[in-house]
Amino acid sequence: MLDGGELDVLTGDYLAELTMLILGRDRLRDPGLGYAKTFLRQLEGCLGAALERGVRIVTNAGGLNPAGLAAAIGTLADRLGLPARVGYVEGDALARPDALTATAYLGAFGIAACLDGGADVVVTGRVSDASLVVGPAIARYGWGRDDLDALAGATVAGHLVECGAQVTGGNYSFFTELPDGGRRPGFPIAEVHADGSAVLTKHQGTGGAVTVETVTAQLLYEIGGPAYLGPDVVARLDSVILRQDGPDRVRVSGVRGTPPPDTLKVGVTGLGGFRNSITFVLCGLDIPAKAALVRGQLEEAVGKEGLEFVLARTDHVDAADTEAASALLHVHLRDGDKTRAGRAFSAAAVELALASYPGCTLTTPPGDASPYGVFTADTVPQDAVAHVAVLPSGERVPIAPPVRTAAVPAQAAPADPPPGPAVHRPTRRAPLGELVGARSGDKGGDANLGVWARTDRAYDWLRGFLTAARLAELLPETAPLTVERYELPNLRAVNFVIRGLLGPGVAGSTRFDPQAKALGELLRSRIVDLPAELAVGPAAATTTGEDS
């Protein structure tokens, strides 16, 4: 990014729910840690180039110890003989004696204050992901708390670039259509304007692509309803307009903002207990009976509590080799007792090797239990958090909370659209993904699944076809769960929020896909009745929404 072309600010998003657990454990071992050490190693090779080019760096790699990382950057700069001015933002850490970590998602005005104070590098702890982009825009254009539309536009731009190359063709449903087949997508650039609109692009000569569809895909990632809550503004995703603005340039405009809630989201992590897993290979005939035998034997040996059995039918009929003829029985145990989840469980599984189903074998040797974490979300009043910007000079600047707030907008999911008149049109049996793209992800124990159509006609069909009830048919694991469905017509998209799909969250989930990253591709692979008249392929038009 530094070598490839013009750049004002380089951002780095290092924090995720799982990362906070890792940093929390680091800090238990050494109170001087708690920040992303990888950032410091990366900075050593590029700090000089950034200073030489006048590129400022804004990162949340401070994690649980932004002051510690800021000091470490100062030491690094001194060793390299570089005159780097470092500011940092603190106040996100909250005292929760019963938690490993508790951090409030701060807004962007502390970052802006550090930049206004002359910082070359700004380090934060937990801020909203978008704040890394919103803060520099505030510093550049002087926005205030009441510039809600501008703040909302920059928030959307920040959401689009926070997962790096995911908006330039990374993890993209139609990756085979990318110029380089998706082999090495370039990193994105958000050109943010004074009114909050932005153009998403990338350096010339880099791989991947920036199109309305690659941007749509990332816009649907890890969202809920149309009101995208943030500490400084609520951005209305149903107001976003995307338009192709030239090769590898997508204009993002029309974003409307409303006052933020009077509370901040708090991410709380803690130790959930201990877990262990083992996988049995079930080959050939009588697969269900073999799985039932193992289940009964293990439950008798260690007790039923905390045991989870997942049978993956990977076997094929009349297969010519062992792997193709085998199913996998994944067995998980979670318990507060490390001994029961550890060797007691492993030993019970191994002892079945000569006393269970025919062909009994395991994929892994027995292992001990490992601790797992859980993530929960809470809120605190905005004015209960001491948001402070520490400037390179050492001056501490308190960041006042927003004066104008509003109740959290109702995110009531609309009911499934009423069925239209019965019209008998020719259909063809084919994968749903021939007509739609998808992007899915995790939010604590919940998952989101955004699906977009490639043309207006396909969207007219999609919104009537893909109801919550239909989703339950195509993805049976969602059937017993609460599913919220939201329509985003400007994006030709439908977004689902699936409550509780991931259980205790990524760190504690025993699901095969613990972050629901592949959920969208699973849906696209399902065979359905597609309208025969709808063409397969990319959209002919490259605009969604209307400028109004």
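Modeller: One term before we start: a crossing of two helices is right-handed if the near helix is turned clockwise from the far one by less than a right angle, and left-handed if anticlockwise. Also, this is a predicted model.

Colleague: Fine. Which way does α4 pass α5, left-handed or right-handed?

Modeller: The crossing of α4 with α5 is right-handed.

Colleague: What distance do their axes come within, and at what angle do they cross?

Modeller: The axes of α4 (residues 109-116) and α5 (residues 131-141) come within 7 Å, and the crossing angle is roughly 50°. Angles between 35 and 65 degrees count as oblique, so α4 is oblique to α5.

Colleague: Which residues meet there?

Modeller: On the α4 side they are Phe-109, Ile-111, Ala-112, Leu-115 and Asp-116. From α5 come Ser-131, Leu-132, Gly-135, Pro-136, Ile-138 and Ala-139. By class, that contact has eight nonpolar residues, two polar and one charged.

Colleague: Now α6 and α7. At what angle do those axes cross?

Modeller: Roughly 95°, with the axes coming within 8 Å. Angles of 65 to 115 degrees count as roughly perpendicular, and α6 and α7 are therefore roughly perpendicular to each other.

Colleague: Which residues make the contact?

Modeller: Val-156, His-159 and Leu-160 of α6, with Val-215, Gln-218 and Leu-219 of α7. Four residues in this contact are nonpolar, two are polar and none is charged.

Colleague: How many residues of α7 are buried?

Modeller: Eight of its eight residues, so to call a residue buried here is to say that under 20% of its relative area is accessible. Helix α7 covers residues 212-219. Among the buried residues are Glu-213, Thr-214 and Thr-216, along with Val-212 and Ala-217. Val-215, Gln-218 and Leu-219, from the contact with α6, are buried as well.

Colleague: Changing topic: what is the strand order in the open sheet?

Modeller: The order is β8-β9-β12, three strands with antiparallel pairing. At the edges are β8 (227-229) and β12 (256-258), each pairing on one side only. On average, neighbouring strands are turned by 30° against each other, direction ignored.

Colleague: How many bridges do β8 and β9 pair over?

Modeller: Three, in the antiparallel sense, with β9 made up of residues 234-236. Take Tyr-228: its bridge partner in β9 is Ala-235.

Colleague: Which helix lies across those strands?

Modeller: That is α6 (residues 148-161), which lies across β8, β9 and β12. Against β12, α6 runs at about 110°.

Conventions
Residues numbered from 1 in each chain as written. Predicted model: local features only at pLDDT ≥ 70, side-chain atom pairs only at ≥ 80, totals over all residues. Heavy atoms only, no water. Buried < 20%, exposed > 50% of the residue type's maximum accessible area, 1.4 Å probe, protein only. Helix = DSSP H or I, 4+ residues; strand = E, 2+ residues; numbered from the N terminus. Pairing = 2+ DSSP bridges. Axes fitted to C-alpha atoms, helices over the stretch in contact; angles between N-to-C directions. Contact = heavy atoms within 4.5 Å. Parallel < 35°, antiparallel > 145°, perpendicular 65-115°, else oblique. Nonpolar A, V, L, I, M, F, W, Y, C, P; charged D, E, K, R; others polar.
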